[in-house]
Amino acid sequence: MAQDASPDFFGATFAIEDEDHTLANTLRFFLNKNPRVYFVGYSMPHPTEEIVNIRVQTTGEVSAHQALRDACEDVKDVAQHIASTFQNAVAEFRAQNPVTK
Amino acid sequence: MYTGITAKRLAYDRKPVVEVRKLTFDYAEFILKDTDISMANALRRVIIAEVPTIAIDLVEIENNTTVLNDEFLAHRLGLIPLRSEKAEQMHRPFEVATGDEVTDIHFSLNISCTSDSTQYVTSDDLVIDPDHPEVVPINYHDASGEKPIVIVKMRKGQELRLRAIARKGVGKDHAKWIPVATATYHIMPEIHINEALLDELTEVEIDNVENYRYDGDVLAKAEELGKPGVISIRQKTDEFIFRVESTGVLAAEAIVMKAVDLLLARINTLAQAGSTNFALYSSSATGVSLVLFNESCMAHGRTLHEIPLDKDANRTGHVWHIMLPLLNTDLLY
């Protein structure tokens with residue numbers, strides 16, 4: 001990941017390699033939810049090149065890097081939660097509908 | 001992880017809920033609630049493009065006198081769905097580290113037509129790899145009568161002899177490795193009927209909420225009857241109905257679980273990117289400190305940071321290590 005500023009800036013564009021809309025859009029959403037971020041957006045410079053630019057601008061209470069890291073943690077939490085919830089839901093479904101084949 | 005200085009993370013109480021509605025080996029239908037559409041889309045994208053499966057990737061044709069040419073046959077062979085539970089333990093050729101990993105699974109086909117009637121060469125005729133007997137085409141010699149996949153038809157005198165190698169891959173590289181026929185989601189609709197206005201009409205019933213998701217007809221009819229406010233259909237933008245239909249290569253629930261794991265792995269990799277890992281091998285050291293400084297500090301004989309490494313957390317065997325996020329590129333150590 002390359003950044004265009006040293007660690008303590010409040011506005012930064014992160015160019016992330018080997019990523020696409022899958023992660024970029026999700027991060028953008030969670031960054032938007034952060035009240036300390038007043039602007040976030042992402043773009044893909046060219047579809048054949050697997051690079052996304054994520055622009056984050058914060059109110060100054062957190063650095064842009066910290067905001068991005070927090071969004072990563074949020075995505076991790078949600079994904080982990082989905083994993084366990086899905087497994088429980090499958091087990092529950094199986095319990096209620098025993099296999100008849 | 002990140003000590004002291006950084007601001008406290010705000011917690012967003014997004015605890016998604018999953019409710020399974022239908023589940024068979026190759027079809028899973030579930031409702032995902034209390035999460036954003038970008039998460040649902042991320043899941044869909046990973047299911048389609050990044051869950052690894054096994055498919056024939058290399059075909060060596062020894063003799064082909066059928067009506068289909070070599071590359072046509074190779075293409076068809078690649079598209080045959082192969083049971084891919086083994087994909088977890090396989091490696092892709094560029095991932096080989098020790099040389100012991102399984103990358104290739106060998107198949108062969110040897111059919112010639114000797115009878116007067118048309119011979120169908122099917123996926124049942126593929127000879128599987130004795131070292132990996134669990135990797136078979138779907139419905140391979142299926143006892144319950146499911147028909148195999150026709151590769152080519154031959155007449156008397158035609159022959160087909162070939163060897164094929166199957167490899168692990170993902171949908172991103174070629175569509176033959178996509179594990180699902182479809183993976184879709186749509187937003188659960190919410191229908192409101194204005195009771196007061198409803199009483200002025202004769203019976204209106206909702207059969208099935210989902211059928212009416214974009215039902216302009218119902219709204220048009222309501223207008224026609226002179227009561228445009230009776231029914232309003234809205235979208236619950238945080239509730240999705242997911243339908244995952246597997247081709248048979250993996251169980252539908254296994255696909256979804258693997259997709260979530262892959263999504264987690266990716267976000268973990270990203271969270272660590274931009275961090276630098278320092279490692280030092282020493283079999284006799286009792287304590288190690290990482291000292292960071294830059295050029296100007298050297299001139300003055302000072303240091304910027306001195307970080308003592310913890311004996312338990314920062315040491316694995318004889319290697320002392322620490323990962324630090326986002327350092328200035330002019331630092332020395």
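Two strands count as paired if DSSP finds at least two bridges between them, and helices (H or I, at least four residues) and strands (E, at least two) are DSSP runs numbered from the N terminus. Welcome to a few close-ups of a predicted model, in which local features need pLDDT of at least 70, side-chain atom pairs count only at pLDDT 80 or more, and totals for chains, interfaces and linings use all residues. Residues are numbered from 1 along each chain as its sequence is written, chains are lettered from A and ligands numbered from 1 in the order in which they are written, and side-chain values use heavy atoms, with hydrogens and water left out.

**View 1. The open sheet of chain A has three strands in the order S1-S3-S2.**
Its pairing is antiparallel. Strand S1 (11-17) and S2 of chain A stand at the edges with a single partner strand each, so one side of each has no neighbour in the sheet. From one strand to the next, the twist averages 15 degrees. S2(A) and S3(A) run antiparallel and are joined by six bridges; look for A:Gly41, whose bridge partner in S3(A) is A:Arg55. H2(A) packs on this sheet and touches S1, S2 and S3 of chain A (contact means heavy atoms within 4.5 Å). The direction of H2(A) makes about 50 degrees with that of S1(A); axes are lines fitted to C-alpha atoms, for helices over the stretch in contact, and angles run from 0 to 180 degrees between N-to-C directions.

**View 2. A salt bridge joins the side chains of A:Glu61 and A:Arg36.**
The N to O distance is 3.2 Å, where a salt bridge is a side-chain nitrogen of Lys or Arg within 4 Å of a carboxyl oxygen of Asp or Glu. A:Glu61 lies in the loop between strand S3 (51-58) and H2 of chain A, and A:Arg36 in the loop between H1 and strand S2 (37-43) of chain A, so the pair ties together parts 25 residues apart in sequence. Over all chains, the count comes to 25 salt bridges.

**View 3. Chain A meets chain B through 46 residues of chain A and 44 residues of chain B.**
About 4,300 Å² is buried between the two chains, with carbon and sulfur atoms giving 69%; buried area is the accessible area (1.4 Å probe) that two parts lose on being put together, summed over both. Five salt bridges are counted between chain A and chain B. In one of them, B:Arg266 partners A:Glu19, with the closest N and O atoms 2.4 Å apart. On the side of chain A that touches chain B, the elements giving two or more residues are helix H1 (21-33) and helix H2 (64-96) of chain A. H2(A) gives the most to that side, with 23 residues.

**View 4. Chain B has its own open sheet of three strands, in the order S3-S7-S4.**
The pairing is antiparallel here, and the edge strands are strand S3 (53-64) and strand S4 (105-112) of chain B, each pairing on one side only. Neighbouring strands are turned by 20 degrees against each other on average, direction ignored. Ten bridges pair S3(B) with strand S7 (residues 159-169) of chain B, and B:Ile54 stands opposite B:Lys168 in S7(B). Helix H2 (residues 70-78) of chain B lies across S3 and S7 of chain B, at about 155 degrees to S3(B).

**View 5. S1(B) and S2(B) form a hairpin.**
Two residues lie between these strands. Strand S1 (residues 17-24) and strand S2 (residues 27-33) of chain B pair in the antiparallel sense over seven bridges. B:Lys22 stands opposite B:Glu29 in S2(B).
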